[in-house]
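Subject: Structure for your reading

Dear colleague,

Please find the structure below, followed by a summary of what was found in it. I would be grateful if you could read the two side by side.

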Amino acid sequence: MTPIVKTEWLKIKNYPAFWWVFGITALTYPGINYMFLYVYYDVIHQKSTASKVVTALMGNPFSLPEGWRTMAFFSSFFIYIPAIVVIMLITNEYTYRTNRQNIIDGWSRKNFMTAKMTDVLLLSIIVTILFAVVALIIGLSNTNINAPGKWNLSYYIGLFFLQTFCQLSIAFAVGMLLRKAFIALAVFSFYSLIVEEIAVNFLKYKYKNEIGRFFPIEISDRLLIRPAFISKFDEQAYQQALNAVKYHVVYSICLLILTWLFCFWLNNRRDL
Amino acid sequence: MHHKVLFMNVEKNSPSAVLSLDKITKSYGPIQALKGVSFEVPEGSVFGILGPNGSGKTTLLSIILDVLKANKGNFLWFGHPGSKEQRKKIGSLLETPNFYHYLSAINNLKITQSISGRGTIGDIDEVLKKVRLYERRNSRFSSFSLGMKQRLAIAAALLGDPKVLVFDEPTNGLDPVGIAEIRQLIIELRNSGHTIIMASHLLDEVEKVCTHAAILQTGILLTTGAVEEILTDDDAVELSASNLAALGDLLKQLSQHVTINNELNTVQITLPKGTARLDEINEFCFKNGIILNHLTLKKKRLEARFFELTNN
């Protein structure tokens, strides 16, 4: 363990609030996927005509390989829970003024930011592992053991990681800018859940303008597209979304780099 | 300002200087917190930075610890620009104790140890004993009183026995026993060869523990040097005669500081320490046609000297 990771671990390991939120995070990822799974089971086990139509239309979105995409999409709804952890970890440093104490004790400003970036990176990896395990368990239990190509869409694990790291990094930047946990969380949630959603769709449907796909959250939102059965409603649009993923990988990496460059720059410029 | 203001020219990187400041200037918007402050801290000294609230003491310490950036000027630790490696070797308490509220005393010091590399995990118990917090080592920081928080900050600074310590108002929030203990600790550290840089607004604290001092007022360095040179009492001479006004006028030839007290029917003059010769003053007055009916040498209080310097 490097000294920076060790120090961050010392800050976290006896922090009850962190473990509470982390526990909630660990529950939400299996929770959301099992919830949709049981909704699906409920629909297909009904004996109505509508149920038969839906079953024919959807197939089994939880079987592999399609399950990787379906569950990555559902899991991405809960980015706000690990975002609480990320915002807590940075705003605590400002609340307790330990950011300045870390510098006084011998870290450089760059060390401090590297430590925080490591926190966000490790949290993104943990959340991704959580998603991958849940997707694997649900996926395998919904897939014929001899079915071919089970791992074909497993690259969605990588896309899920990129989206998580990207959006948690934006949450971190908001926390760093605003310094107060509740204000930062409120601004992050309000912006990403309401403001950006309205702006993107307003531009898209009112003005037929796709500029919204370059908005901070939307850039990485488009990495994880909707489950395949949605394509039945508008196949052309779905194909376009699929084709755009590779471009959004590049945009997301660029945004990620810009976000952290901004955070390092801000931390270096600010008086502590 | 009736005392001369000394702007010290720093001889850069003199061999015995632990810290050299050269024309440090810092502004917060339109407010200039430090105006070209320069001085040196000799090795092995207890160096007091003395000044009233708002004089720039904490700003100055924040700059040398790299949490604030100076607008102009620079500083050298042991002849080299400040760096994280140097800060690791310096035990510091700046302004308020900054610790993780949800962690115990011992876990907070583990973080200090992990970042600074000073001392070992075993040393943590020792410093907690030294500041009388060992019994509360497993209590959360948030449950500590102000005095306990201050003592934990001092324990963090002492971890690994650094040879240079920076303390900002180290006795803040402590009870009288705690204040006496910390002052005794500082004296012990001084006697064992440590260099201590200490900001304080308490004159008697500086007088009791410091060997050297710098006096700041509204960001200006008024004077710096050995404590006995800059803060010891001047000679104050009290005189009386039948014509106080004439006596006062005459004494202006001897001293710039002449105070006529009509209620007590006395005139007081201040002369540099050790220069007052009562027989010569008596003779001077007599030769100028004034017969004294009262002449005595008084010591001037330290506070008066400080107020004189800071023009309060």
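In this predicted model, H7(A) and H11(A) pack at an angle of about 145°, and their axes are 9 Å apart. Axes here are lines fitted to C-alpha atoms, for helices over the stretch in contact, and angles run from 0 to 180 degrees between N-to-C directions. Helices (H or I, at least four residues) are DSSP runs numbered from the N terminus. The crossing of this pair is right-handed, a term used if the near helix is turned clockwise from the far one by less than a right angle. On the H11(A) side, the contact (heavy atoms within 4.5 Å) involves Trp260(A), Cys263(A), Phe264(A), Asn267(A) and Asn268(A). Their partners in H7(A) include Arg109(A), Lys110(A) and Phe112(A). Seven nonpolar, three polar and three charged residues make up this contact. Ala, Val, Leu, Ile, Met, Phe, Trp, Tyr, Cys and Pro count as nonpolar, Asp, Glu, Lys and Arg as charged, and the others, Gly among them, as polar.

H7(A) (residues 109-141) also packs against H4(A) (residues 66-75), at about 135° and with the axes 10 Å apart. H4(A) contributes Trp68(A), Met71(A), Ala72(A) and Ser75(A) to the contact. By class, its residues are nine nonpolar, two polar and no charged.

The largest pocket has a volume of about 1,000 Å³. Among its 32 lining residues, Phe73(A), Glu218(A), Asp221(A), Arg222(A) and Arg226(A) lie nearest the centre. H9(A) gives the largest share of the lining, eight residues. The lining has 17 nonpolar, six polar and nine charged residues. On a 1 Å grid over the protein atoms alone, a pocket is an open set of points where a 1.4 Å probe fits, with protein on both sides within 12 Å along at least five of seven lines; lining residues have an atom within 4 Å of a point. Grid points are joined across faces, edges and corners, and the volume is the space filled by probe spheres set on the points.

The peptide bond from Leu64(A) to Pro65(A) is cis, with omega near 10°.

Residues are numbered from 1 along each chain as its sequence is written, and chains are lettered from A and ligands numbered from 1 in the order written. Local features need pLDDT of at least 70, side-chain atom pairs count only at pLDDT 80 or more, totals for chains, interfaces and linings use all residues, and side-chain values use heavy atoms, with hydrogens and water left out.

Yours sincerely

Note on methods: Helices (H or I, at least four residues) and strands (E, at least two) are DSSP runs, numbered from the N terminus.
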